[in-house]
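Visitor: I am new to this one. Could you show it to me and let me ask how the terms are applied?

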Amino acid sequence: MSVSTVTTNGLRIVYSDTGTGHPVVFVHGFPLNRTMWHPQVQALSSTYRIVTVDLRGHGESDAPLWRYRVEDFAGDILTVLDDLRLPRAILVGLSMGGYVALAFARLFPGRLNSLVLTDTRAQADSPEGRQGRFQLAQAAYERGAGAVADAMLPKLLSPKTRDTRPELVADVRHMIESMRLGGIVGDLMAMADRPDSLPLLGAIGCPTLVVVGADDQTTPVSDARLMAERIPGARLEIIPEAGHLPNLEQPSAFNACLDRFLRELS
Ligand code: MLT
């Protein structure tokens with residue numbers, strides 16, 4: 001694995017690059033970082049070139065205290081592709097990473113080989129959803145990232161995972177608690193302001209896989225089904241016994257369905 005840093009508009013973006021083969025770029029969710037893709041790097045880098053990116057505000061990348069937009073995150077991914085001299089890549093985005101992948105598909109369709117949208121949705125936030133973002137930002141400001149972990153863990157992991165996988169719960173909590181305030185608030189503002197991507201779906205011209213954990217309460221199966229119905233030729237895969245993070249909760253099933261899709265492409 002090599003870890004690299006690239007600078008865009010004065011911001012340092014850190015990414016990892018492992019293996020050889022078709023390039024597959026993984027985009028993490030909120031409030032996580034590129035290490036959430038560890039099981040995919042382990043299992044798939046013998047067959048594919050796996051690139052995992054820390055978006056601005058996350059992991060080892062810079063986390064300025066300023067306004068973030070999903071379009072800025074899509075620009076971070078483009079900067080990484082340019083740094084690697086990759087004309088096109090397969091993009092895998094989970095949740096907020098899916099919002100970023102949809103923004104990338106809208107802004108840079110020529111750089112997209114194919115798309116995997118996992119545990120995400122195309123609709124913009126409702127007014128109540130935006131209000132919830134504001135309240136979580138205030139909780140982070142007043143009580144720190146621990147308050148965000150308390151609020152998010154039940155939304156990220158299924159009840160079964162929380163009962164039976166204490167080490168995974170601790171890993172995810174650690175990821176959240178290592179977030180800096182600029183990243184947390186920047187993400188929440190970016191998600192609250194993201195555009196409705198429903199009108200984009202019919203225009204997505206690349207092969208697309210939609211994946212969702214059967215027990216995902218944050219972006220439920222109905223959201224995944226809507227995307228799969230509207231994106232031409234898209235396929236839907238539902239991962240049993242997983243919540244919002246199927247790549248960590250059921251890594252074997254998640255990797256198998258990703259591998260199937262990637263094999264069909266090649
Ligand atoms: C995520 O997992 O990225 C977030 O929960 C998505 C969201 O809050 O909309």
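Guide: The largest cavity is lined by Val70, Tyr99, Leu102, Ala103, Arg106, Arg121, Ala122, Gln123, Arg194, Pro195 and Ser197. This is a predicted model, in which local features need pLDDT of at least 70 and side-chain atom pairs count only at pLDDT 80 or more, while totals for chains, interfaces and linings use all residues. Residues are numbered from 1 along each chain as its sequence is written, and side-chain values use heavy atoms, with hydrogens and water left out.

Visitor: What makes a set of points a cavity, and what makes it a pocket?

Guide: On a 1 Å grid over the protein atoms alone, a cavity is a set of points where a 1.4 Å probe fits but cannot get out; a pocket is an open set with protein on both sides within 12 Å along at least five of seven lines, and lining residues have an atom within 4 Å of a point. A volume is the space filled by probe spheres set on the points, which are joined across faces, edges and corners. The search of the whole structure finds one cavity of 30 Å³ or more, and the largest cavity holds about 60 Å³ of space.

Visitor: Which helix gives the largest share of the lining of the largest cavity?

Guide: That is α3, with four residues. Helices here are DSSP runs of H or I with at least four residues, numbered from the N terminus.

Visitor: What is the volume of the largest pocket, and which residues lie nearest its centre?

Guide: The volume of the largest pocket is about 350 Å³. Its lining has 19 residues, and Arg133, Met152, Lys155, Met191 and Thr218 lie nearest the centre. Helices α3 (96-107), α4 (127-143), α5 (145-156) and α8 (181-192) each supply at least two residues of that lining.

Visitor: Why is aspartate 72 called buried?

Guide: Buried means under 20% relative accessible area, exposed over 50%, and partly exposed in between (1.4 Å probe, protein chains only). Aspartate 72 has 17% relative accessibility, so it counts as buried. Arginine 69 has a relative accessible area of 34% and is therefore partly exposed.

Visitor: How do you know that aspartate 72 and arginine 69 meet in a salt bridge?

Guide: A salt bridge is a side-chain nitrogen of Lys or Arg within 4 Å of a carboxyl oxygen of Asp or Glu. For aspartate 72 and arginine 69 the N to O distance is 3.0 Å, a salt bridge. By this rule the count comes to 19 salt bridges.

Visitor: What does the pair of aspartate 150 and arginine 173 tie together?

Guide: In this salt bridge the closest N and O atoms are 2.8 Å apart. Aspartate 150 lies in helix α5 and arginine 173 in helix α7, so the pair ties together parts 23 residues apart in sequence. Aspartate 150, at 49%, is partly exposed, and so is arginine 173, at 27%.

Visitor: How do you know that the reach of α5 is close to the one expected?

Guide: The expected span of a helix is 1.5 Å times one less than its number of residues. Helix α5 has twelve residues and reaches 15 Å from its first C-alpha to its last, close to the expected 16 Å.

Visitor: Which residues of α5 are buried, and what do they pack against?

Guide: The buried ones are Ala145, Ala147, Val148, Ala149, Met152, Leu153 and Leu156. They pack against α4, α6 (159-164), α7, α8 and α11 (246-249), where contact means heavy atoms within 4.5 Å.
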